[in-house]
Amino acid sequence: MGMISLISLWMIPLIIGFILLYGTFKKVPTYETFVEGGKEGIDIAFSIIPYLVGMLVAITIFRASGALEFFVGMMKPALDTIGVPSEIVPLAFIRPISGTAALGMTTDLIAAYGPDSFIGRLAAVMQGSTDTTLYILTVYFGAVGVKKMGDALKVGLLADLLGIIASIIIVMMIF
């Protein structure tokens, strides 16, 4: 077994053990604190369920209605002009909404076109260059009860757009 494998195998148990020993040394009731944190975690999980359900319903409606395919079809001529494959557009739209859906799309693109294809590389770089902005805002802002998220949404979506553009430019330059 390699040294890295051995370290990774023992790292989490060592960290947990250190935290428990340090808490005991500082006279913190570690088990009671753990249980209280678990209760708070369950409360947060239940409080964000409506936000998650709303987001998942919106994603499903967007994809099932054909709106995504319609939009891709409208953009195809412009994308062909600049050399961007239209197959990547659904990933660019879904990535800010859902990481799991985006990962599924990336997997499908790589399976269909290959990992060394332009589309496969672009999908991989786009997956790493953007974030799940709407999911993050829904879950984290919903968990703490923030209702006004307009500025965070604008900045997050702008960062995603810049990540998409940068991934396209970089992949075109390198590959």
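1. Helices here are DSSP runs of H or I with at least four residues, numbered from the N terminus. The model is predicted, so that local features need pLDDT of at least 70 and side-chain atom pairs count only at pLDDT 80 or more, while totals for chains, interfaces and linings use all residues. Residues are numbered from 1 along each chain as its sequence is written, and side-chain values use heavy atoms, with hydrogens and water left out.

2. Rings of Phe, Tyr and Trp (its six-membered ring) pair if their centres lie within 6.5 Å, and planes under 30 degrees apart count as stacked, over 60 as edge-to-face and the rest as tilted; the count by this rule is two aromatic pairs. In F18 and Y22 the ring centres are 6.0 Å apart and the planes stand at 20°, so this pair is stacked.

3. F18 and Y22 are four residues apart in helix α1 (residues 3-25), which means that about one helical turn separates them. With a relative accessible area of 56%, F18 is exposed, whereas Y22, at 44%, is partly exposed (buried means under 20% relative accessible area, exposed over 50%, partly exposed in between, with a 1.4 Å probe and protein chains only).

4. The rings of F71 and F93 have centres 4.7 Å apart and planes at 80°, so that pair is edge-to-face. Because F71 lies in helix α3 (residues 67-82) and F93 in helix α4 (residues 89-94), the pair ties together parts 22 residues apart in sequence. F71 is partly exposed at 33% relative accessibility, and F93 is partly exposed at 29%.

Terms used
Helix = DSSP H or I, 4+ residues; strand = E, 2+ residues; numbered from the N terminus.
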